[in-house]
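Have a look at the structure first, then read on for the contacts.

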Amino acid sequence: MPKGFLSIVLHAHLPYVRHPEDEHFLEEKWLYEAITETYIPLLKAFENLENDGIDFRLTLSLSPSLMAMLTDPLLQERYLKHLDQIRELPAKEAARTKREQNELHHCALMYQETFEDAYKRYRYKYDKDLVKAFKRFQDLGFLEIITCAGTHGYLPLLGVQRGSIRAQIKTALDYYKKHFGEYPQGLWLPECGYNPGDDWILKDLGIKYFFLDTHGVLFASPRPRYGIYAPITCPSGVHAFGRDTESSKQVWSAKEGYPGDYDYREFYRDIAYDLDFDYIKPYIHPKGIRTDTGIKYYRVTGNTEFKEPYIPHNAREKASIHAGNFMFNREKQIAHLAGHMDRPPIVVAPYDAELFGHWWYEGPIWLEFLIRKIKFDQNVFDLATPGDYLKIQPNNQPCQPPMSSWGYRGYNEYWLNGSNDWIYRHLHNLASKMSELANKNPGSTGIKKRALNQATRELLLAQSSDWAFIMKTGTMVDYACKRTRNHINRFKKLYGDIVSGDIDEEWLKNLEDMDNIFPDVNYEVYR
Amino acid sequence: MIETIIFAGIIIAIIAVATFRFYSNPKQPLKKPEKQSGEAVPGDDEPLLERYDKDQIVLMVRDPEWLYAYWEITATKQKQLSQQLGNLWQSSSPALRIYEVNQNNGHNNEIFFDIKVNEGTRNWYIHVGKPNQSFFIDLGRLLSDGSFLPILRSNLVTTPSNSFSQEIDPQWPPVEAIWAMLREQDYLDEFYGSLESAKER
């Protein structure tokens with residue numbers, strides 16, 4: 001029997017950035033980069049483990065908007081075309097570096113192999129459907145796949161209308177069911193944003209657990225007996241798992257975290273910015289905007305502008321050392337905790353999935369090393385998902401957690417400040433109008449039903465927490481404001497058309513093609 | 001920080017007033033939107049009107065110390081009030097009255113404080129400085145005789161806790177060895193929540 005459990009949770013999410021109107025829409029590249037650098041490398045790591053007969057348990061949260069993009073035929077074709085075009089570049093680079101910059105040649109070969117492999121996998125092995133590829137690992141018993149709110153709405157700030165929370169979650173769960181056959185056991189609350197009472201909506205929809213940031217559990221009342229090392233049970237009976245600080249810090253922290261290691265790949269030195277414009281032109285945005293190619297030849301090196309060439313072998317070695325260090329720390333931590341607890345401790349380590357591979361290039365290999373080491377090099381703890389833990393330990397302490405999030409300063413400030421507070425007046429009023437429409441038009445059919453469903457999609461898309469987040473970060477702000485404005489305007493026109501009974505069908509058809517998320521959405525979710 | 005927020009609030013308020021004045025022609029016919037250049041869907045980039053023809057005040061929680069409110073008073077309501085109050089309206093000024101809800105001490109709602117706001121302002125950040133406390137607010141007018149005329153009442157909100165609970169469940173007494181360890185951690189000093197913040201390093 002292990003003394004306790006480590007629960008690694010990867011939350012994969014991107015906002016819905018699908019733009020049929022423009023084949024080279026800049027923001028769609030977020031998706032392409034995440035596929036090449038995160039989702040495929042994670043799948044590859046899982047396959048390596050599977051092939052070596054190493055069973056594991058991880059939790060993966062796939063946001064509905066990400067699943068919708070990963071299964072969208074237009075985006076699948078676009079990604080494949082993008083990959084097909086960009087994979088020429090590492091081949092050219094292999095020749096160029098051999099001629100001109102031999103110290104980078106080895107690294108260029110690595111990229112050539114990676115891009116070719118990504119292409120083969122995406123096109124042939126996965127047949128362009130990464131949701132299905134991940135599902136296979138759930139079916140094999142290696143992953144517990146959960147989801148989050150429909151468009152990653154930040155629930156504590158939408159909650160004035162309880163209907164908005166229910167619609168975000170119900171739509172997400174129905175969409176999950178479409179891909180996985182049943183509802184998930186757990187839910188990732190977007191940004192870990194929780195407000196007391198929201199758990200009742202989860203309960204009503206059959207969800208057994210969700211996650212909170214560390215203080216979300218530590219500040220719960222009454223004071224939780226085991227701190228964050230065992231789940232607590234909300235008044236509704238839904239369980240909340242709290243994030244472990246130590247394991248978070250080792251991976252996330254700018255100061256102490258692994259990703260800043262000098263041997264690891266430097267994120268900011270993409271060849272798109274270093275090489276001659278005419279040479280790089282076919283692989284960047286057609287308007288000549290230099291965008292990341294994914295080929296980055298340098299390592300972090302140190303706190304300096306001067307960067308040394310990246311040496312894949314050394315980085316791999318370092319990832320192995322860091323995996324060993326992470327495991328060692330968890331062994332100590334869990335053994336210590338187990339000594340003081342009358343039930344097995346669970347250490348919950350949640351991360352944004354895109355940290356692995358996209359930002360921290362070596363992240364997927366690190367994870368693979370970690371899983372191997374946990375299996376063979378220690379016997380203090382096992383990997384487990386929250387669902388697994390609740391089967392072993394269904395009775396947990398009743399507590400009421402306070403409102404909290406895992407954002408800056410721990411509450412709602414990142415999504416409610418001078419840069420983005422203007423959106424809530426609109427989001428709340430639109431939700432009221434949506435409820436009004438749903439209540440006045442039950443059982444609608446034909447074009448009216450289509451308009452009502454499209455209004456629901458527009459409202460959900462406007463509610464995506466990403467827009468407020470981007471407005472606060474200060475980059476791509478225009479895009480986030482435009483998306484918010486567009487979805488609000490689209491909703492308002494739909495509302496006007498529905499109320500007046502004069503629906504502009506051509507316009508509606510155009511919208512259905514543009515904002516095609518959740519094809520089966522049902523406006524009556526807002527009743 | 002607070003100054004910045006208030007300043008931002010004022011700027012937004014100015015823009016809001018300007019927008020309101022610009023678009024406040026009430027019976028504008030609904031035109032079929034025409035596609036402007038760069039619009040994926042006709043009507044997409046219409047500027048957003050900050051009014052919904054609804055008298056409302058909505059209160060939100062930012063964190064254990066701060067609330068945020070936005071509101072709208074329709075032209076109809078405004079006219080009705082100014083007719084009702086006559087000269088008093090001219091000399092009155094808009095204000096927010098913040099109430100604490102205390103269920104435990106016998107009488108329910110206590111006036112916490114008032115904030116004078118500018119004419120035409122439509123949102124405000126309110127420093128309450130009280131975690132674990134329920135509040136609601138009234139938007140009204142401070143009259144020249146010092147009295148407060150409420151116009152709209154908000155929803156009720158509760159600020160979150162920012163410390164360990166003092167309540168102990170005797171069936172679940174905290175494990176001191178664990179809590180000693182947790183107290184030493186700086187879990188509220190650094191945030192690792194979002195990828196974008198990680199990138200800002």
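Chain A puts 85 residues in contact with 68 residues of chain B, where contact means heavy atoms within 4.5 Å. Keep in mind that this is a predicted model, with local features needing pLDDT of at least 70 and side-chain atom pairs counting only at pLDDT 80 or more, while totals for chains, interfaces and linings use all residues. Residues are numbered from 1 along each chain as its sequence is written, chains are lettered from A in the order in which they are written, and side-chain values use heavy atoms, leaving out hydrogens and water.

**Chain A against chain B**

- The two chains bury about 6800 Å² between them, with 60% of it on carbon and sulfur atoms; buried area here is the accessible area (1.4 Å probe) that two parts lose on being put together, summed over both.
- Five salt bridges are counted between chain A and chain B, a salt bridge being a side-chain nitrogen of Lys or Arg within 4 Å of a carboxyl oxygen of Asp or Glu.
- Arg62(B) pairs up with Glu413(A) in a salt bridge, and their closest N and O atoms are 3.8 Å apart.
- Helices are DSSP runs (H or I, at least four residues), numbered from the N terminus.

**Two domains within chain A**

- Chain A is assigned domain 1 (4–71 + 129–265 + 310–409) and domain 2 (418–526), with bounds from an automatic or database domain assignment.
- The C-alpha centres of domain 1 and domain 2 of chain A sit 29 Å apart.
- Their contact draws on 33 residues from domain 1 of chain A and 27 residues from domain 2 of chain A.
- About 2500 Å² is buried between these domains, and carbon and sulfur atoms give 63% of that.
- Tyr16(A), Thr151(A) and Gln161(A) supply 23% of the area that domain 1 of chain A buries against domain 2 of chain A, more than any other three residues.
- The rule finds one salt bridge across this domain interface.

**A helix worth a look**

- α20(A) has 24 residues and reaches 35 Å from its first C-alpha to its last, close to the 34 Å expected at 1.5 Å a residue; the expected span is 1.5 Å times one less than the number of residues.
- Just after α20(A), Gly501(A) takes a positive phi of about 75°.

Technical notes: Helix = DSSP H or I, 4+ residues; strand = E, 2+ residues; numbered from the N terminus.
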